[in-house]
Structure formats: structure tokens, C-alpha cells
There are 2 protein chains.
Amino acid sequence: MTEPELAERLMAGDTRALARAIRMVEDRDPAIAGLLRRVRERAGRARVIGVTGPPGSGKSTLCDQVIHRWRGKELQVGVIAVDPTSPFTGGAILGDRVRMVRHTLDPGVFIRSMAARGHLGGLAAAARESIRLLDASGRDRVLLETVGVGQSELEVMETADTTIVVTTPSSGDAVQIIKAGILEIADIFVVNKADLPGASKVVRDLKELVRHGKLRAGWSPPVLTTVAESGEGVDEVVAAIDRHGETIAASGELERRRIARLRAEVEAIVVERAAERARNALHEGTMSRELEGDLSRVDPYALAERILNGHSKEPPQR
Amino acid sequence: MTEPELAERLMAGDTRALARAIRMVEDRDPAIAGLLRRVRERAGRARVIGVTGPPGSGKSTLCDQVIHRWRGKELQVGVIAVDPTSPFTGGAILGDRVRMVRHTLDPGVFIRSMAARGHLGGLAAAARESIRLLDASGRDRVLLETVGVGQSELEVMETADTTIVVTTPSSGDAVQIIKAGILEIADIFVVNKADLPGASKVVRDLKELVRHGKLRAGWSPPVLTTVAESGEGVDEVVAAIDRHGETIAASGELERRRIARLRAEVEAIVVERAAERARNALHEGTMSRELEGDLSRVDPYALAERILNGHSKEPPQR
């Protein structure tokens, strides 16, 4: 399939074309730049909803329920589930994903897992580009699920229009959330497993937190309770997502976020290409020979300057 | 204090100069490049030992015991403890650090905690530069402790000469270790809390793993057992660290690792500066104005190319 064909099919909503394009993104295929350029004008309509929270908070079950409701409204859905980077806590979360499997036979739901093991800025870039592809392929809602265990996942969450932070009465995370500055990215708090003891205290703590926090664009993050297993409270979450979307669209905040996202996108591409340039320069030619002999004589800052300015093949200028 | 003075004092082993220089590294102070250049020739003698493992595996207690033995041999020690990036699991690990406090009054042990919340590649760069400063200040051993919960921590571990992976019978991590590719970075396995039931099974599993793994530079990672609380087995860990150091020095592997580290260092500087260049370009002048109006018309790849090639102030060339 040629690139224009792939772009056409993707924009027509062809699932296999979409899958192939996302694979190109994950493989950091250089041809993706051209493809994204072709489909760009078709993007910009999807609402991007990020869902984050600690392992075991029931994020996937909640996502499953939200997807179920969107499908009931005939909305086309895309899901990007970012697997944790942790080499030590990898196991449990993947099992969790199984709960979304009931949607895998529904062509109206496109689910892709993405491993957070890429290089510098790679995960956020890959997520952003995948969102754009899902958007261009006509998905009305894109869910971005992360476990929020690292800087790169936080960067991913910054690409969402609406961010939901899920916690539970048992995880005692309310306090951690304050510390970690999660408050700044949360548009909606969900206390899941609200049938467990201690739920009302967590709700109270979070409301207190929100009250003392800074309002962004006239939106005060609601604190909702759910029992995702049974579906209790999920309608309210879906309604809050819509309400938040309307509020930020009206206030100009949505536009502001999209510009910020575009900036981050450009920055990530610059970083990725600069890293590539560095790797190429350091593994071949004159510069790799400079990394022999007495290493204490090598000045990494001077080498870096030369690479960045495209002078990696010339001797140092000073 | 002028930069040459700071460099002089640091190389003379002055702890306050060292602390100030490391703070500059953490603040990403531009003056650090010059300082590192001045002290570079004095560096290259310290052995860098990385210690990683899941939270609760007793890494800090083990580190404390190893430091104690090194101090018994009059070795000067530097410690960089990387705090986890996780906004959700941050609490427990910090408490753990308290175990190293007994060394804080010993001028022969310099301990610095470093938060893993920096930007792209920032943590690995900061750790590498801090190691170089500790090295230049005459520390014989530098311990690098991470909880290994993310890509950035793995990058940090790659800066070590010898990497110790700590696990316990109860954490059931032996299997996770295989999956996560930790095997490739482990030079020494330590099964801590070896007095707990199941220790011999973990040892057996790890030995099996090592047997099927690829030998690096003629070194087969030993699987040692410790009870760090009581000090049992720690002498063997210290001996294994020395043995590994001698082996890789003799085989040329140490030199190979140091070149790889230098490459990574240059790459990280390139990335950091490229990101800075992108941020500057996108927040001022012509380019920031291009991020207004119809965003679907903006081609982030074209913008990125222009920034990378230093043409951010000119219109696109094609």
C-alpha cells in the first residue's frame, strides 16, 4: 500500500490501515511524518480523555464501563493503554487489561497497548501521534490509560483534553496525590471501589484539596464516586467528561491546551531527531575515533555542541 | 567562589565545594559545563557500583552494610540515591533511606538524594555528572541506588561499572526479572532476606537464568545470599564487587563501558540542548506566532526540522 493509499483508507475509517499506521508510529518509522501530514487536516475533532491512577485502582474496569456507555451513544472509540515502564511491577497491570477484552470484537472500539520502554520522549511522541491517527480515522473519543508511574506517563497525560485521576479508599493515595502534584493535571477525581470503608473520608480529603487548589479556566474538579465493577456512578463520570469538554471549549482553555500540545509535539520531534543525529555522529566517522584513547581528554560538552550545530565531521573550532 | 576556585576545592576533596557543584548539576546550571571540564582530568579512578531492586528488597540496608565495610578499608565513598519518579509509590522508599543516616556524620561518606522528576534525559545526565564530580573529588567508590521503576532509572544504572540486582524470596521478582531484561544489566545478583522461606528456590531460579543467559566479557553473574539486617553475606558481596571490577578491567570491558557511557553522556547533552533550543524557538518570535489560528495547518515535523537546523527565525525553505 502506498502512503497516499494508506492515508486515504485510514481517513475512511479502515481499521487495518489504522493498525498499520500505529505500528509505524511505534516502530518510529521515518515515513510516519509524511503520513501524519496527509491526515492532519482530518484530525482535531476527537475528544482525548486521559485516565490515570495507581495499579489496582480499577482504572481498566472504569474505562470499560465508560466505553460501554459511549458505544451506547454510537460513538467511535479509540483506546491507548500505556503499559508501565517498571521492570518490577509489570505483571499485575497487564492482567487488568483483560477486562477491556469484551470490546475487542466491536469494530467501534480500537484498542492498542503501548509499552513505555521507548527512548527519550519517545512514549509521549508515540502516544500523541497515535491519538492524531485515531482522531483522523474518525474516532470520536480517545481514551488514554496510564498507571502514572513515571515522568514519561505524566507527559503522556498532558496530551489529554480531560484528565481523570482514579483513586480508591484502600490505596491511601489521597495524600500522595497532593505531594506529587497530580492535582495540577486532574480535571475529574474518581474515588473507585466506593463501597469499601473509608470512601467518604477520601472524598472529603479530595474535596478539601480541590477547594484549596487553583481553579483552572473556571473549572473546579468534581470528586465523583464509582463502583466500576457494578457500573454504579459511571453515568456521572461520563456526564462530567462532557461537561468539562464543553466548559474548556467555551473558555478557550481547549485551544490553549491544544497549542501547548503542539509545542510539546514539536519539542519531542526535535529531541528525537537530535538524539538520532548524536547516535549517528558518535558511532561513525571522525567523532567515534575521538572516543578512543585517553577518555579524560574528551569534553562531552564540546562534542555535543558540534553535533548540534551539524559540525560533527569537522575538527573542533576552538 | 569563582569557578576555578570551586574546581580547585572540589578536587582537594572539600565537601562543601562538592555539595555546591552537585547542586549546580541538579539545577541544570549552565556553568556546570565549564566546571566539569576543569575537573575532568582528575576523574576516572572511582569505581561506580549500581544497586537496584524493588521497593522493600532491603537495598538501602545492604548499601549501608557495604559502605560500612568500605569505610573499614579507609575508602572514600559517595552515594547517589535516586528517588522514585512514581507519584503513587513515593512514600515508603524514602523512609528506607533513613537506614543510611548513620553515615551522615562521617565525612568519608557523601550522600545525595536525587529526585527523578527532571526532564528528558535529565536524570541520567545529572547522575552521570554527579558521579564525575564525586570521582574528581577523590571518592574511591560511588554507590548509585535506584528503585528501578522506570526507563530513566534503567538509564541511570547503565552508568555503573558494576550493577547489583537485589531481590528477596517474598517479592516473587525472579520471574519479573527475566521479563524485564534486567538480566542484561545485572553483574551480581543478591537474594536478600535469605533467612525467609523460599530463598533457596529464588537462588536456584536465578542460577538457572544466569546459566541460560549470555556471558558478558567472560563474567558469569554470581547469585549471592544476604541477610542485610544482620550483615550476613555482605563480605561476599563486597568481594564479588572487587572481583567483577578486576575482571572487567582486565578484559577491556571496563574501557568499553566507559566509552559507551561517554557516548550516552554526549547524547544526553545534545538532547537537553536541542530541547532547550526548541522551547526557546516555540515561545518567542515568528515561530510562536505560527502556533496560532488554524492548528490543523501546522506541520510539527517541518517546524522541528527548522528548529534543529537553526532556521527557526526564517520561513520554511520548501
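Let me begin with B:Arg256, which is partly exposed, with a relative accessible area of 46%, where buried means under 20%, exposed over 50% and partly exposed in between, calculated with a 1.4 Å probe on protein chains only. This is a predicted model, in which local features need pLDDT of at least 70 and side-chain atom pairs count only at pLDDT 80 or more, while totals for chains, interfaces and linings use all residues. Residues are numbered from 1 along each chain as its sequence is written, chains are lettered from A and ligands numbered from 1 in the order in which they are written, and side-chain values use heavy atoms, with hydrogens and water left out.

To return to B:Arg256, its side chain meets that of B:Glu253 in a salt bridge, at 2.9 Å from N to O; the term stands for a side-chain nitrogen of Lys or Arg within 4 Å of a carboxyl oxygen of Asp or Glu. Because the two are three residues apart in helix 11 (residues 253-283) of chain B, about one helical turn separates B:Arg256 from B:Glu253; helices here are DSSP runs of H or I with at least four residues, strands are runs of E with at least two, and both are numbered from the N terminus. B:Glu253, at 7% relative accessibility, counts as buried.

Over all chains, the count comes to 36 salt bridges by this rule. One of them joins B:Arg38 to B:Glu3, with the closest N and O atoms 2.9 Å apart, and this pair links distant parts of the chain, since B:Arg38 sits in helix 3 (residues 32-39) of chain B and B:Glu3 in helix 1 (residues 3-11) of chain B, 35 residues apart. B:Arg38 counts as partly exposed at 38% relative accessibility, and B:Glu3 counts as partly exposed at 28%.

Another salt bridge is formed by the side chains of B:Arg71 and B:Asp106, at 2.7 Å from N to O. B:Arg71 lies in helix 4 (residues 59-72) of chain B and B:Asp106 in the loop between helix 5 (90-97) and strand 3 (109-115) of chain B, so this pair ties together parts that are 35 residues apart in sequence. In chain A, A:Arg47, A:Asp161, A:Arg258 and A:Arg261 are linked in a network of salt bridges.

Now to a helix pair in chain A. How do helix 1 and helix 3 of chain A cross? The axes of helix 1 (residues 3-11) and helix 3 (residues 32-39) of chain A come within 9 Å and cross at roughly 45°; axes are lines fitted to C-alpha atoms, for helices over the stretch in contact, and angles run from 0 to 180 degrees between N-to-C directions. The contact, meaning heavy atoms within 4.5 Å, involves A:Glu3 and A:Leu6 of helix 1, among others, and residues of helix 3 including A:Leu35 and A:Arg38.

Finally, I turn to B:Glu129, whose place is in helix 6 (residues 122-136) of chain B. Is B:Glu129 buried or exposed? B:Glu129 is buried, with a relative accessible area of 1%, and, leaving aside its neighbours within four places in sequence, B:Glu129 is in contact with A:Tyr301, B:Val25, B:Arg28, B:Ile32 and B:Leu36.
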